[in-house]
Amino acid sequence: GLPTIVGWNFHEVQQRTLDPLPTLVQQRGNNASYMFDTDNIPDAWKMLQFYHIKYIIVGKLEQIIYPKTGLAKFDNMADSGLLKIVYNENGDRIYEVQDGVTPESNVVGMAR
């Protein structure tokens with residue numbers, strides 16, 4: 001399978017008990033949450049690139065946990081060519097991060 005930014009929290013913390021590893025696990029979890037929370041496309045794009053993310057899943061769980069404004073950015077990123085919707089059924093979506101593209105300053109919602 002494909003790696004995730006952070007796996008099952010209890011397992012990760014249980015397996016990484018020596019400092020600074022627990023802090024790094026927590027930081028990855030916080031970064032993953034921020035990536036879904038934020039409506040800031042440049043910040044989200046930087047994180048996608050930093051973690052070498054290939055796919056973003058927005059299913060029922062993500063729709064319950066994260067704000068609509070944060071999730072809407074993924075559609076905006078797809079509209080601008082940064083992401084491609086590769087699955088779209090019953091309100092669930094999977095986005096594929098497109099290689100070789102960069103955010104343009106004229107994309108709606110982009111901070112300058």
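**Ile 53 and its surroundings**

Modeller: Start at Ile 53. Setting aside neighbours within four places in sequence, Ile 53 is in contact with Ile 5, Met 35, Met 47, Leu 48 and Val 97. Keep in mind that this is a predicted model.

Now widen the view. The largest nonpolar core has 22 residues. Those with the most contacts inside this core are Leu 48, Ile 53, Ile 56, Phe 74, Met 77 and Leu 83. Helix H2 (21–37), H3, E1, H5 and E3 each supply at least two of the core residues. H3 gives the most, with five. As a general background, nonpolar side chains tend to be buried together in soluble globular proteins.

Next, the two helices. H3 covers residues 41–50 and H5 covers residues 68–79. They pack at an angle of about 80°, with their axes 11 Å apart. Angles of 65 to 115 degrees count as roughly perpendicular, and H3 and H5 are therefore roughly perpendicular to each other. On the H3 side, the contact is made by Ile 41, Ala 44, Trp 45 and Leu 48. On the H5 side, it is made by Lys 73, Asn 76 and Met 77. The residues of this contact divide into five nonpolar, one polar and one charged. Leu 48 and Met 77 take part in this contact, and both are among the core residues with the most contacts.

Then the sheet. It is open, has three strands in the order E1-E3-E2, and its pairing is antiparallel. E1 and E2 (83–89) stand at the edges, each with a single partner strand, so one side of each is left without a neighbour in the sheet. The twist averages 20° from one strand to the next.

Take the strand pairs in turn. E1 (residues 55–58) pairs with E3 (residues 92–97) over four bridges, in the antiparallel sense. Here Ile 56 stands opposite Tyr 95 in E3. E2 and E3 also pair in the antiparallel sense, over six bridges. There Asn 88 stands opposite Arg 93 in E3. H5 packs on this sheet and touches E1, E2 and E3. The direction of H5 makes about 120° with that of E2.

Finally, look at the two faces of E1. Ile 56 and Val 58 form its covered face. Tyr 55 and Ile 57 form the uncovered one. Ile 56, on the covered face, is one of the core residues with the most contacts, and so is Ile 53, where we began.

Conventions: Residues are numbered from 1 along each chain as its sequence is written. This is a predicted model: local features need pLDDT of at least 70, side-chain atom pairs count only at pLDDT 80 or more; totals for chains, interfaces and linings use all residues. Side-chain values use heavy atoms; hydrogens and water are left out. Axes are lines fitted to C-alpha atoms, for helices over the stretch in contact, and angles run from 0 to 180 degrees between N-to-C directions. Angles under 35 degrees count as roughly parallel, over 145 as roughly antiparallel, 65 to 115 as roughly perpendicular and the rest as oblique. Contact means heavy atoms within 4.5 Å. Ala, Val, Leu, Ile, Met, Phe, Trp, Tyr, Cys and Pro count as nonpolar, Asp, Glu, Lys and Arg as charged, and the others, Gly among them, as polar. Buried means under 20% relative accessible area, exposed over 50%, partly exposed in between (1.4 Å probe, protein chains only). Two strands pair if DSSP finds at least two bridges between them. A nonpolar core is a set of buried Ala, Val, Leu, Ile, Met, Phe, Trp, Tyr and Cys residues joined through side-chain atoms within 4.5 Å.
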